[in-house]
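Okay, thanks for making time, everyone. I'd like to walk you through one model today, so let me put it on the screen.

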Amino acid sequence: MSELHAPSLATLREVADDPVSYAQQWKQTHERPVVGSFPMNFPSEIVHAAGALPVIVQESKTPITEGRSMLAEFYCGYTRSVADQAAIGELDVFDAFVAADHCVQLLGAVDAIRYTRPEKPVHFAQFTSAMDDTWSKPRVDNRIEDLRGDIEGVTGIVVTPERLSHSIRAFNVNRRLLRTFYDLRRSGRARITASEMQLLVKSSMVMDIEEHTAVLQTLSNHLPIRDHAPDDLVRLHLSGHFCHAPKPEILDVIEESGGLVVDDDLYTGFRYISTDVPEIGDPFEALSTWYMQRNINAPCPTRVTSKVDWDTYLLDSLSVSRSVGVVVLMAKFCEPHMLYYPELRKALEQNGIPSLLIETEHEGIPVETLRTKMETFVERIRRQGAPVPA
């Protein structure tokens, strides 16, 4: 049974389950534009500062129909869903679309929007993926300045340093509050399920940020805190899913099988909230600093840097959370994840950390088959007595 405040949790679930309806209601109430963005590194603060609602476009629950003819079947479920939503009009609430990242598949989804909805502005500011070069940050600075002009053109509001600084503070407050839930979950002093934690983060990608923070504060005020962590469940770390949310039923089966998810590096999880934007200095340059720094705090295989790597970061995270196993959630046809996974698995094996790979897709996976795999995985950890990472 959930320990989170039921009315507040229901509010967040409604938004996370139907982001388009929330965006439509917000647009009617405020009479301001709604701007859709895509994973993983778009700075929503700049849209907020322009008086619009920034919404990260989510994968739809509906089966893919019209979009099936627009993208090949080897595109990931998220991008095929985005193309389908564009084709059937589910994305019509958005006044414009913006992107700061790309993979080949996401480019295809964006092209599908351009093709099916040519009247919708689509602004693409590709942030550099090379993080260590002297020109990396100046190039991102320039891209952010380009985005500023594009978004001002959509909203009709000039993004002044004062407005952007206010938005940065609002988003930082939200991220910090979400991280307190993570800290409590890692310590074991609060019981927050994997699907609930995803709900908290995913809804923050859609809701007005001040409204979301108010709901989080209510949740925090009503959250029961334990003196000690329970020790009867196998502590697990969820890893992967860079762009979209795993289906809740997958997360529920993981914990119903005897696992206790205490940490993650999911996009709709800690990866999204890992890094605050600096509140001192030029706020526009602060956004590019945030972009560079978040790859240090939660490294991604889509970025090139010599300062940190994902497998070392993951091992360090396991040590902090005292996780004894890793469940890797890989979206089918996610090329960056597929290419890096052998290195990740090698690092886990060398350190004696059990892991289980679960490949996910838009159409879903057999729940009972997953349950059998998870129960076997948890039992294997219990029998081996996997050590807590040092």
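**The sheet, then a helix pair**

Let's start at strand β1, which has cover on both faces: V34 and G36 on one side, V35 and S37 on the other, all of them buried. Buried here is under 20% relative accessible area, with exposed over 50% and partly exposed in between, using a 1.4 Å probe and protein chains only. Strands (E, at least two residues) and helices (H or I, at least four) are DSSP runs, numbered from the N terminus.

Quick housekeeping: this is a predicted model, where local features need pLDDT of at least 70, side-chain atom pairs count only at pLDDT 80 or more, and totals for chains, interfaces and linings use all residues. Residues are numbered from 1 along each chain as its sequence is written, and side-chain values use heavy atoms, with hydrogens and water left out.

Back to the sheet. β1 (residues 34-37) pairs with β2 in the parallel sense, over 4 bridges; two strands count as paired if DSSP finds at least two bridges between them. V34 has L53 as its bridge partner in β2, and V35 stands opposite P54. β2 itself covers residues 53-56, with L53 and V55 pointing one way, P54 and I56 the other, and all are buried. To get from β1 to β2 the chain goes through helix α3 (residues 44-49), a right-handed β-α-β crossover. Right-handed means that, with the strands pointing away from the viewer, the path from the first strand over the helix to the second runs clockwise.

β3 (residues 96-99) then pairs parallel with β4 over 3 bridges, with A99 partnered by F124.

So what order do the strands of the open sheet come in? It's β2-β1-β3-β4, 4 strands with parallel pairing. β2 and β4 (122-124) are the edges, each with a single partner strand, so one side of each has no neighbour in the sheet.

Last stop, two helices. The axes of α10 (residues 248-256) and α15 (residues 367-384) come within 9 Å and cross at roughly 35°. Those axes are lines fitted to C-alpha atoms, for helices over the stretch in contact, and angles run from 0 to 180 degrees between N-to-C directions. Contact means heavy atoms within 4.5 Å, and the α10 side includes I250 and V253, with L370 and M374 among the α15 residues.
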